[in-house]
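Dear colleague,

I am handing over the structure we spoke about, with the sequence alongside. Please open it first, and then read on for what was found in it.

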Amino acid sequence: MAKTKGRVTLPSEADFLEETKEMMERWGADALRDSDGTKLPQEIKDLDASIYTTYFVARGHNAFAKEHMEECQQMYLMSRRVTAVGSVVQIPFMEGYFGQQVEPDYVHDCKQWWEVMDRTTGRAVDPDFWDVDKENHVVTVKEAAAFHEYTVSFLVYAIWDPTQMYNHITNDWGDKPHEIPFDVRQPASGAFAREYLIQWLKDNPDTDVVRFTTFFYHFTLVFNDNAKEKFVDWFGYGATVSVKALEEFEKEYGYRLRPEDIVDNGYYNSTFRVPTKQYLDYMDFIQRFVAAKAKELVDLVHEAGREAMMFLGDNWIGTEPYGKYFQGIGLDAVVGSVGGGATLRLISDIPGVKYTEGRFLPYFFPDTFYEGNDPCKEARENWLGARRALMRKPVDRIGYGGYLSLAYKFPKFVDYIEQVTDEFREIYDNIGGSRPYCGLKVAVLNCWGQIRAWQAFMVAHALWYKQTYSYFGMLESLSGASVDVVFLSFDEIKDKGIPEDIDVIINAGAAGTAFSGGEMWLDDRIVTAVRKFVYDGGGFVGIGEPSAVHGNGRFFQLADVLGVDKELGFSLSTDKYFNIEMEQHFLKEDRRAAFDFGESVQNVYALSRDTEIVEYSRGEVHVSAHKYGAGRGVYLAGLPYSYENTRLLTRSLFYSAGREQEMRRWFADNLLCEVHAYPKTGKYAVVNNSQEPQNTLVYDGAGNVCEICLKGSEILWKEI
């Protein structure tokens with residue numbers, strides 16, 4: 001692989017000049033950046049590289065924040081549930097929350113802005129029947145109903161930015177000041193954000209790229225009283241709330257949001273919840289404010305002759321790169337953390353910016369770079385996982401973050417990343433901005449549509465991962481597949497129907513969630529539109545609990561399309577006769593191992609002998625197909641990410657669309673390998689996704705087949 005240069009961003013720090021120059025040479029870096037906890041000295045800024053400077057709009061300005069504590073950011077939190085055993089119940093609402101992160105808002109009238117809920121009836125308690133002990137942070141409910149559960153939804157001020165808090169604890173920053181987040185919706189804070197940036201741009205003439213990290217509102221991240229994560233929602237709008245925002249919302253929309261509209265029974269409107277009208281209205285309200293306010297700052301950067309880059313993380317809420325207002329901000333670039341193929345595509349597919357950049361793992365922090373650990377392992381997994389997606393739609397740049405001095409202590413890691421950066425540039429140059437061959441156009445159908453393109457969950461949270469196991473596996477598999485992927489919402493189907501260029505619809509996820517759709521499937525407009533689409537020749541792939549909501553004698557509302565339904569216990573008296581697994585089927589060709597359905601759905605049964613049962617075990621169906629008019633429905637009980645399941649999904653897509661033969665147009669029969677073709681540039685790549693040598697038959701798009709031997713992780717480029 002030839003040594004190349006460019007398209008790589010390197011972190012640096014003080015007292016590391018010579019080593020930085022060495023690493024720039026080895027990794028071919030043409031840009032340098034600071035990280036949270038580091039600053040670039042002048043000698044580093046004078047190097048031949050673009051200089052990225054991290055810029056915090058609404059944190060890191062404690063002198064201002066301390067003078068305007070009434071303009072701190074706010075949140076609604078819900079207390080733990082307390083059961084009344086008599087007519088009076090006391091609720092210690094701050095119990096379980098971290099007092100260094102949040103404190104109750106006693107500035108505004110609690111009776112007006114807080115809410116006490118009887119969770120047993122689901123009704124709010126009249127404010128006349130509860131009082132607040134501000135000294136002890138306790139709400140007392142009078143005339144309570146015995147053995148009913150009660151909660152308090154209360155406003156707090158956020159007095160410590162959660163990302164800085166996490167980094168503070170992880171890196172043991174000791175007495176370093178806690179950074180206080182302030183709300184730019186407030187008059188003094190809004191003016192300060194603008195005026196400070198104007199002066200900052202004058203004071204930092206060496207900065208080429210202002211790296212906004214990010215703008216105003218952090219994703220919902222609340223810590224418990226042990227300074228550990230209590231709950232986290234990468235998509236949560238909880239930190240955007242304020243009394244001023246609620247008042248402005250009411251003036252604009254003509255109705256008032258309740259605390260319950262934000263707290264949502266303690267679910268906080270997580271992405272798994274089918275969104276309410278109130279929450280969608282509120283999201284749109286925040287997005288318009290964030291886009292307009294962010295544009296003011298981006299315009300200042302451009303007037304100063306610099307580029308504006310947004311970090312897709314931390315305070316990203318309201319920017320919504322796939323939303324209606326993002327392109328109006330006028331950003332030059334977006335950079336985000338890459339956890340695998342889906343997160344790579346989340347960044348690389350963003351429209352309306354000049355370039356995108358992926359920050360690869362591991363982050364150069366001491367939780368990975370410590371004596372006895374091998375950071376190369378995480379780096380290899382991260383690179384190979386993301387590389388599949390790079391072959392479909394690459395980011396324009398890659399980079400790393402953290403303390404370069406830590407990474408420098410691991411020579412094998414430095415050697416490996418040198419290979420990675422050269423390989424990235426080779427991939428980017430060979431693709432040349434062209435569109436890869438796509439055999440199908442696939443629409444992922446959920447409640448969110450395009451605004452949540454490539455997004456299931458974006459933080460390492462075990463319970464969330466388990467819940468989105470199949471959905472995440474599906475996204476990760478699709479991220480590097482030779483298909484065009486779009487995201488479609490139920491509302492779009494109701495309003496406009498299914499786009500004519502769609503070949504296959506995927507519906508995946510757990511019943512009742514926004515991903516599967518929940519009660520959306522009881523809308524006859526949606527069900528009939530999808531049925532007609534399949535009947536006319538389209539494909540439908542259901543994963544987990546697709547179209548699942550109990551109603552009208554069905555659990556899977558598209559059971560007639562899929563040929564299967566799930567037994568809920570209501571029809572146990574009805575015999576199920578169809579349980580013969582087919583010995584051979586297109587869906588299980590070239591398998592090397594047993595099926596893996598992860599958190600598999602249980603008690604799924606075939607409706608008739610017309611259902612093609614591909615895998616049947618434990619008395620239930622896990623893989624099946626069913627002809628429906630001119631199209632087909634395919635059912636998969638689960639799809640954790642693996643190369644086996646990536647191939648299974650690919651076969652399911654082509655089989656459901658009735659285009660099995662086209663799957664082998666550009667194809668590697670070894671499921672550990674893939675072929676990506678770029679007709680415009682006249683090149684194609686044969687990729688070994690494993691770290692071991694592989695042999696594979698390769699179909700070259702013109703009907704020719706040849707055997708190719710690949711080294712571990714090798715990419716072989718060939719002319720079409």
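Predicted model: local features only at pLDDT ≥ 70, side-chain atom pairs only at ≥ 80, totals over all residues.

Residues are numbered from 1 along each chain as its sequence is written, and side-chain values use heavy atoms, with hydrogens and water left out.

Strand E33 (residues 683-688) is joined to E36 by five bridges, and the two run antiparallel; within the E36 pairing, Val 687 stands opposite Ile 715. Three strands make up this open sheet, in the order E32-E33-E36, with antiparallel pairing. Strand E32 (673-678) and strand E36 (715-719) are at the edges with a single partner strand each, so one side of each has no neighbour in the sheet. From one strand to the next the twist averages 20 degrees. Helix H13 (residues 411-431) packs on the sheet and touches E32, E33 and E36, its direction making about 25 degrees with that of E36; contact here means heavy atoms within 4.5 Å, and angles run from 0 to 180 degrees between N-to-C directions, with axes fitted to C-alpha atoms, for helices over the stretch in contact.

Helix H13 also packs with helix H1 (residues 17-27), at an angle of about 45 degrees and with the axes 8 Å apart. H1 and H13 are therefore oblique to each other, since angles under 35 degrees count as roughly parallel, over 145 as roughly antiparallel, 65 to 115 as roughly perpendicular and the rest as oblique. On the H1 side the contact involves Met 23, Arg 26 and Trp 27, which meet residues of H13 including Phe 413, Asp 415, Glu 418 and Arg 425.

Salt bridges, meaning a side-chain nitrogen of Lys or Arg within 4 Å of a carboxyl oxygen of Asp or Glu, come to 47 by this rule. In one of them Asp 131 meets Lys 111, with the closest N and O atoms 3.6 Å apart; Asp 131 lies in strand E10 (residues 130-133) and Lys 111 in helix H4 (residues 110-113), so the pair ties together parts that are 20 residues apart in sequence. Arg 525 and Asp 523 form another, at 2.8 Å from N to O. Arg 525 is partly exposed at 47% relative accessibility, whereas Asp 523 is buried at 15%, where buried means under 20% relative accessible area, exposed over 50% and partly exposed in between (1.4 Å probe, protein chains only). Salt bridges with shared partners also join Lys 3, Arg 26, Asp 415, Glu 418, Asp 422 and Arg 425 into one network.

Some backbone details may be worth a look. Most residues other than glycine have a negative phi, and most peptide bonds are trans. A cis peptide bond, however, joins Leu 361 and Pro 362, with omega about 5 degrees, and another joins Thr 213 and Thr 214, with omega about -20 degrees. Asn 552, although not a glycine, has a positive phi of about 60 degrees, and Asn 552 is exposed at 72% relative accessibility.

Terms used:
Pairing = 2+ DSSP bridges. Helix = DSSP H or I, 4+ residues; strand = E, 2+ residues; numbered from the N terminus.
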